[in-house]
Amino acid sequence: MFGIPGKQAVSITDKAAAQIAKLMAKDGHQGLRIGVKKGGCAGMEYTMDYVTEVDPLDEVVEQDGARVMIAPMAQMFLFGTEIDYEVSLLESGFKFRNPNVVDACGCGESIKFNEDINAS
């Protein structure tokens, strides 16, 4: 929808692809749908949900057995994002490196996008 021909909307690191494929295989999910919603102290939050059926309006990104669907309303906010999976002593989880984010709260759960995107 907001893509550039020949370029995927988001990129997935090898670690993230392996984790997504593992989650898909665990319960027979079709993939993970990512999106954004209003909330948090910075204004927006990422969402991730298991998907049992692919929505034809979703942007689909596949890599190494992993499938990520981007919800239609989130595509303009997530274009150019790299999805990674990090493991540390205290936590593990998906990390989004999004060039469209201009600010984030201290905990990293809430983000703010460039006002030019919000006006689109």
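Which residues are exposed on the other side of helix 1? They are D14, K15, K22, A25 and K26.

A word on the model first. This is a predicted model, where local features need pLDDT of at least 70 and side-chain atom pairs count only at pLDDT 80 or more, while totals for chains, interfaces and linings use all residues. Residues are numbered from 1 along each chain as its sequence is written, and side-chain values use heavy atoms, with hydrogens and water left out.

Now the overview. The protein chain has three helices and nine strands. Helices here are DSSP runs of H or I with at least four residues, strands are runs of E with at least two, and both are numbered from the N terminus. From the N terminus on, the order is β-α-β-β-β-β-α-β-β-β-β-α. Of the 120 residues, 38% count as buried. Buried means under 20% relative accessible area, exposed means over 50%, and partly exposed is in between, with a 1.4 Å probe and protein chains only. Take contacts between residues at least 6 apart in sequence: 53% of them join residues at least 24 apart. Contact means heavy atoms within 4.5 Å.

Back to helix 1, residues 14–27. At 1.5 Å a residue, its 14 residues should span 20 Å. The end C-alpha atoms sit 21 Å apart, which agrees. The expected span is 1.5 Å times one less than the number of residues.

Which residues of helix 1 are buried? A16, A17, Q19, I20, L23 and M24. As a reminder, an α-helix has 3.6 residues a turn, so residues three or four places apart point the same way. Just after the helix, G28 takes a positive phi of about 70°.

Look at L23 on that helix. L23 is buried, at 17% relative accessible area. Leaving out residues up to four places away in sequence, L23 touches H29, L32, Y50 and F94. Y50 is 27 residues from L23 along the chain, yet their C-alpha atoms are separated by 8.7 Å.

Three strands form an open sheet in the order 1-6-7, with mixed pairing. Two strands pair if DSSP finds at least two bridges between them. The edges are strand 1 and strand 7 (92–97), each pairing on one side only. Neighbouring strands are turned by 25° against each other on average, direction ignored. Helix 1 packs on this sheet and touches strand 1, strand 6 and strand 7. The direction of helix 1 makes about 75° with that of strand 6. Axes are lines fitted to C-alpha atoms, for helices over the stretch in contact, and angles run from 0 to 180 degrees between N-to-C directions.

How do strand 6 and strand 7 pair, parallel or antiparallel? Antiparallel, over six bridges. A hairpin of four residues joins the two strands. E82 has R97 of strand 7 as its bridge partner. D84 stands opposite K95 in strand 7.

Now T13, in the loop between strand 1 and helix 1. T13 counts as buried, at 17% relative accessibility. Beyond four places in sequence, T13 touches Q63, E82, I83, D84 and Y85. Compare D64, in the loop between strand 4 (59–63) and strand 5. D64 is exposed, with a relative accessible area of 60%. Its phi is near 50°, a positive value in a residue other than glycine.

Last stop, the core. The largest nonpolar core has 27 residues. Such a core is a set of buried Ala, Val, Leu, Ile, Met, Phe, Trp, Tyr and Cys residues joined through side-chain atoms within 4.5 Å. Which members touch the most other members? I12, I20, I34, V36, I70, L78 and I83. Elements supplying at least two residues each include strand 1, strand 2 (31–38), strand 3 (44–51) and helix 2 (75–78). Helix 1 gives the most, with five residues. As for I12, its contacts beyond four places in sequence are A17, I20, V61, Q63, V68 and I83.
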